[in-house]
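Open the model in a viewer and keep the selection panel at hand. The stops below go from the domains to their interface and then to individual side-chain pairs.

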Amino acid sequence: MSTFALMAGGTGGHLFPAMALAQELRRRGHDIHLVTDERIAAYGADFPASAIHIVPAATPSIRNPLKFAQAGFTILGGVGTALGILRKVRPDAVVGFGGYPCFPPFLAASLLRIPGILHEQNAVMGRANRALARFASVLALSFAETIHAEGFGLPKVVTGNPVRDRVRAVAGTPYRGLSDNAPIALLVFGGSQGARAFSDIVPVAIALLDESLRRRLDVTQQCREEDLDRVAEIYRGARVNVDLARFFTDLPERIAASHLVIGRAGASTVAELGVLGRPAILVPLPGSLDQDQRANAMVMEKGGGAWLCEQATLSPQSLATQLNDLLLAPDRLARAAEAAQSVGVPDAVERLADLVEQTAKGQS
């Protein structure tokens, strides 16, 4: 049995693949520790680890010298904390999943000469991973073509992005083709940062559809708490069956049961859509420095499994037109579902676990 320390920032996009790897490594008999930041309380209550270690971290801001200096001191303190943790845990290897909370513990592992794997979930290599690459033994990629990764000379292995056991449990669910007058399952979710725009646009777009199409819809939509009543009223006025909630714990099962998904293009969303083989309208979260969600969506669109829509040009009218075209073309949706599955990497977690074990043994 080996001991591994997984390092992931406390957001779903980083924690979900770390959780998937932890599940697989524990099945193989290994001991797992998670090193993260204080946000773990919101996402990681069920993380399968022997212990969860909190390390101070900060995101440097080059625009504000004072905040940059404060972040530097926080990071140095985090490195000191992580050194104490890693000396006690004594992992055979560490795995970083990106985000600045990974910086202190991954750097500490390098100082202790513990081999480290960096995993990049997106089609654009993140800034934290770029900063840490010089300290890594190997870089694990989700996509063969990953922007910025080519600039680093360390070994690279395409593993795909691991998905949780709950996703894999429903991965074999066949796509249910649409037939005339049959109910249509439409799933809408946008994550904590993206749900507001969908609350503004999607219900109004659906209300613009012909009544014959609206009455066939079974809509599931994630909303922020403050938007629930407003969104419910729009659907009520349009006479559309809808299930609204702030958060769905059974999201993988709902994706598997859907005919079409409207969502953001975060790394975990794209990975799950690929493994489950479900077509999607992907609306990348605007404003990110590296446009990583847009790059993820482009991979899925190029593969034929999704349609990329920019939020800046998305309106209720344009979305209604697209929904009408897609929902009345069942063959087109079925082809997109098949294409999405061809983009997915269902054995990504086994590939990454193999790489972790090899790295610990010095075979990477």
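Contact here means heavy atoms within 4.5 Å. By that cut-off, 14 residues of domain 1 are in contact with 13 residues of domain 2. The model is a predicted one.

**Stop 1: the two domains.** Select 3-161 together with 346-360 for domain 1, then 184-343 for domain 2, as given by the domain assignment. Their centres, taken over C-alpha atoms, are 30 Å apart.

**Stop 2: the interface.** The size of an interface is often given as the accessible area lost when the parts come together. For domain 1 and domain 2 the buried area is about 1100 Å², with 56% of it on carbon and sulfur atoms. Five residue pairs are in polar contact between the two domains. On the side of domain 1 that touches domain 2, select α1 (12-27) and α5 (127-132), each of which supplies at least two residues. The most comes from α1, with four residues. Colour this side by class to find seven nonpolar, five polar and two charged residues.

How many salt bridges cross the interface of domain 1 and domain 2? There are two. Separately, select Arg130 and Asp290: they form a salt bridge in which the closest N and O atoms are 3.1 Å apart.

**Stop 3: Arg28 and its partners.** The model has 22 salt bridges in total. Select Arg28 and Glu24, whose closest N and O atoms are 2.9 Å apart in a salt bridge. Is each side of this pair buried or exposed? Arg28 counts as partly exposed because its relative accessibility is 27%, whereas Glu24, at 8%, counts as buried.

With a relative accessible area of 19%, Glu357 is buried, the cut-off being under 20%.

Now widen the selection to Glu24, Arg27, Arg28, Asp165, Asp354 and Glu357, which are linked in a network of salt bridges.

**Stop 4: Arg166 and Glu253.** Arg166 is in helix α6 (residues 165-169) and Glu253 in helix α10 (residues 251-256), so distant parts of the chain, 87 residues apart, are linked. Arg166 counts as partly exposed at 39% relative accessibility, and Glu253 counts as partly exposed at 29%.

How values were computed. Residues are numbered from 1 along each chain as its sequence is written. This is a predicted model: local features need pLDDT of at least 70, side-chain atom pairs count only at pLDDT 80 or more; totals for chains, interfaces and linings use all residues. Side-chain values use heavy atoms; hydrogens and water are left out. Domain bounds come from an automatic or database domain assignment. Buried area is the accessible area (1.4 Å probe) that two parts lose on being put together, summed over both. A salt bridge is a side-chain nitrogen of Lys or Arg within 4 Å of a carboxyl oxygen of Asp or Glu. A polar contact is a pair of N or O atoms within 3.5 Å; within protein, one must be able to donate a hydrogen and the other to accept it, and residues adjacent in sequence count only if both atoms are side-chain atoms. Ala, Val, Leu, Ile, Met, Phe, Trp, Tyr, Cys and Pro count as nonpolar, Asp, Glu, Lys and Arg as charged, and the others, Gly among them, as polar. Buried means under 20% relative accessible area, exposed over 50%, partly exposed in between (1.4 Å probe, protein chains only).
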